[in-house]
Amino acid sequence: MKWITARRRHPLAGYVVVILALALFGVGYAGLAPTADQAQAQTLAADAPSPEDVDVAEGKTVFDQTCATCHGLDGSGSEVGPDLRDVGPAAIDFQVSTGRMPSMNPDAQMPRKPMVMTEQELANLIAYYNESIRSGTNGADVPYDVPGGAPGYDDFKPLRSDFAEGEAGSEEYEAALEEAEAEYRTALEEYQDEYDEYIAGADNTDMGMRLYLTNCAHCHGWSGGGGALTDGRWAPEIHESTPREIYEAMVSGPGAMPMFSDGAIDPEEKQELISYVKTLQAEPNAGGIFDLDRVGQVAEGLIGWVVGLALIVACAIWITAKQRAHD
């Protein structure tokens, strides 16, 4: 205490207090600000499931167990969950395939996580939603013609539990494993062909860039790295988003994101925009150790101004203190 008392009248004491207060505020905000955990959702590229491929009764079970608590048994919503009757299958597919739903905390913005159910369970859920909850044709349909995520090997790998005791390492299991690997390679090639065909359909990079900068960059950042919004929310980064997820987000408007229907941005323009986003995802980060997570030119310029002004103020303080000491 004596040390502090002896120096509190020093010419630099006031400036030190201000700098410490600003540093404490910045560190505190950085520690408390929400962050988005990133994970790649596995969404197989596929055509719309046929009625023979889905089980509506099983979809009802999935809905009752994972959705009805917040959204009501009839999907009409509750105090903790919105009405689902008009959102459309695209919104259901987006929220579930990216792991944002089901949510354990309906009041908080959910980050992207691995999907908690299987692809078949999701297909069953959407079938039940279309049959029993959806209001007419309201909301956008799942854009099955837009590629989803690349297939994962675990979706094809045979389970050891499917084999009798002692067969897990047998020739039968090895043969099943080899067959699964061949199926996985075939599915991966089919997905890549579908993906390349969809991206190749966009031939106007300038249009895609202008659409992105006009409609997306002010929230998701010029590089797709995301950014802070009001009320503690954030626009997630889109570096891992699949073409179908980007399309579904545009037509469903999740969270604070506005909805871009086909009347606002038509499917061809959406294709151009998605193609441009894929170029952002493939672009290497050349920013070095001072890239600031590629938050964008405006934020980087602001930081440059703050650092520059801080250095100027520090120099002015040093010159003033030296002059006072000399006097």
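**View 1. Helices α8 and α11 cross at about 85°, with their axes 8 Å apart.** That makes α8 roughly perpendicular to α11 (65 to 115 degrees counts as such; axes are lines fitted to C-alpha atoms over the stretch in contact, and angles run from 0 to 180 degrees between N-to-C directions). On the α8 side, the contact (heavy atoms within 4.5 Å) is made by T205, M207, G208, M209, L211 and Y212. From α11 come E269, E272, L273, Y276, V277 and L280. The tally is 8 nonpolar, 2 polar and 2 charged residues, with Tyr and Met counted as nonpolar and Gly as polar.

This is a predicted model, with local features needing pLDDT of at least 70 and side-chain atom pairs pLDDT 80 or more, while totals for chains, interfaces and linings use all residues. Residues are numbered from 1 along each chain, and side-chain values use heavy atoms, leaving out hydrogens and water.

**View 2. Helix α11 takes up residues 267-282.** Helices here are DSSP runs (H or I, at least four residues), numbered from the N terminus. The 16 residues of α11 reach 23 Å from first C-alpha to last, close to the expected 22 Å (1.5 Å times one less than the number of residues). At its start, a side-chain oxygen of D266 comes within 3.1 Å of the backbone nitrogen of E268. Buried residues (under 20% relative accessible area, 1.4 Å probe, protein chains only) include L273, I274 and V277. The buried set packs against α7, α8 and α10.

**View 3. Helix α5 (residues 89-97) is largely enclosed by the rest of the structure, because 8 of its 9 residues are buried.** Those are P89, A90, A91, I92, D93, F94, V96 and S97, and they pack against α6 and α10. Just past the helix, G99 takes a positive phi of about 75°.

Terms used:
Buried means under 20% relative accessible area, exposed over 50%, partly exposed in between (1.4 Å probe, protein chains only). Helices (H or I, at least four residues) and strands (E, at least two) are DSSP runs, numbered from the N terminus. A polar contact is a pair of N or O atoms within 3.5 Å; within protein, one must be able to donate a hydrogen and the other to accept it, and residues adjacent in sequence count only if both atoms are side-chain atoms. Angles under 35 degrees count as roughly parallel, over 145 as roughly antiparallel, 65 to 115 as roughly perpendicular and the rest as oblique.
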